[in-house]
Amino acid sequence: MTLIGNGTVITLDRERPVIEDGAVLIEDGVIKRVGETKILRRDFPRAIFIDARGGMIMPGFINAHTHFYSTLARGMTSRGPAPRNFREILKKVWWKLDKALTHDDIYYSALLGAIEGIKRGLTTVIDHHSSPRAVDGSLDCVARACRETHIRAVLAYEVSDRDGEEVARKGMEENMRFYHLCQESGFSNLASLFGLHASFTLSQKTLIKCAETAQGTDIGFHIHTAEGVLDRDDARQKYSMSPVERLETSGLWGPQSIAAHCVHVHEEDMDILKERAVNVVHNPQSNMGNAVGYAPVLTMQDRGLLVGMGTDGFTMDMLESLKTASLLHKHEQKDPSAGTAQVLDMLFRGNRVIGEKILGQKVGQLSEGWAADLIILDYKPFTPLHEHNYTDHILMGMAGNQVQTVIIAGQMVMEDRQIRGIDEEEIRARGQEKARQIWQRMEEVG
């Protein structure tokens, strides 16, 4: 048994959200007890004690939509004029990057992304991968990095017709191969989804084939949905329906499916997503950075949809994403009170429910019987923190770089900001080398 105590426990449990001088008892990767430090130390004197030193003890963060493969694109510059719209961003940057990736690049991108995420308190990630010239076995490369860092992960390969039917077929096969691997191997920290890019890069033939390929399984679909106007307009012009409606007619929506972005959706789309219990994932920084528009996620929540939060590869810091979301909705609504409770709900309830649905494990809350995924932050507030204002402290005071300790499934993954079993200096050096090679190959991609 391990006891983490001498800190303020933010449980995210509505019955007792904050425990001053609290502690969490862990056994066999699961939380056994949560309570006051002095009581748990008295009741379990033989437990290994980890001292939070007055910091915050809280659940690890969940990222409901990201792209590890974008990790080595940071700082990248390209020749020619800068992209002026979303279509140009895709063609000039991301669709060149994914073609330049080898299996080794995929592994190091995921490894560095996982390291960065863990250092910011990330314990579960839902990833969406693309590498059209290295499809077969690509998810194994991502999975290897996740296993080595012990991060929980849900992986998917992005099927698209933009590189031809053969590549699309390979993408379908990779999704199903990895799904069966997860089912048969019993990986406790790995699960899978069936990835697709977006409606505008998928033919009707491919959509039908994806649905047929997954038939007879419980796998959900992970899809970029109405992210930009080009996705909305393409579906309207070619099929006289919205992207959400088109994906619905193909049978791709369900309780384990993820509709990422949902910027350009209307009320009828929301009704479909709600009826099918689809998980919507908001990516505020990415939407702002790509200038694709403002996602009406507050309206979706009001209509009863489950909305979570992701980063789309923009960052691995969920607190950074949370703060951006809060400011974005205040700005767009012209209301300083708008969005605060809603974005907190996205990160801390929405992502928790999505994680449990797909992983089949209770993650994201510090309560008896839940997965022992928790973090310690070096945040010692100089104003009172209690159950009525702890969310304000999360929004206004806490930061990802305050994370000191990360425990996943009861295992110490990072202690005093050092990730165990990982030579970060060597991995960073390899990342520098890989990035230069990828950037050079991108210049050669047509």
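Search the whole structure for aromatic pairs and you get 4; rings of Phe, Tyr and Trp (its six-membered ring) count as a pair if their centres lie within 6.5 Å, with planes under 30 degrees apart called stacked, over 60 edge-to-face and the rest tilted. Keep in mind that this is a predicted model, where local features need pLDDT of at least 70, side-chain atom pairs count only at pLDDT 80 or more, and totals for chains, interfaces and linings use all residues. Residues are numbered from 1 along each chain as its sequence is written, and side-chain values use heavy atoms, with hydrogens and water left out.

**Aromatic pairs**

- Phe-61 and Phe-348 make a tilted pair, 6.3 Å from centre to centre with 40° between the planes.
- Phe-61 belongs to strand E6 (residues 61-66) and Phe-348 to helix H13 (residues 340-359), so this pair ties together parts 287 residues apart in sequence. Helices (H or I, at least four residues) and strands (E, at least two) are DSSP runs, numbered from the N terminus.
- Phe-61 is buried at 2% relative accessible area, and Phe-348 is buried too, at 11%. Buried means under 20% relative accessible area, exposed over 50%, and partly exposed in between (1.4 Å probe, protein chains only).
- Tyr-107 and Tyr-108 have ring centres 4.9 Å apart and planes at 75°, so they pair edge-to-face.
- Tyr-107 is buried, with a relative accessible area of 7%, and Tyr-108 is buried at 13%.

**Charges over rings**

- Arg-144 puts its charged end over the ring of Tyr-107, 3.7 Å from the centre. To count, NZ of Lys or CZ of Arg must be within 6 Å of the ring centre and within 35 degrees of the ring normal.
- Arg-41 lies over the face of Phe-49, at 3.7 Å from the ring centre.

**Strand E6**

- E6 is mostly covered, with 6 of its 6 residues buried.
- E6 runs parallel to strand E7 (residues 122-127), and 4 bridges join the two; strands pair if DSSP finds at least two bridges between them.
- Asn-63 has Val-125 in E7 as its bridge partner.

**Helices H3 and H15**

- The axes of H3 (residues 103-119) and H15 (residues 424-444) come within 10 Å and cross at roughly 130°. Axes are lines fitted to C-alpha atoms, for helices over the stretch in contact, and angles run from 0 to 180 degrees between N-to-C directions.
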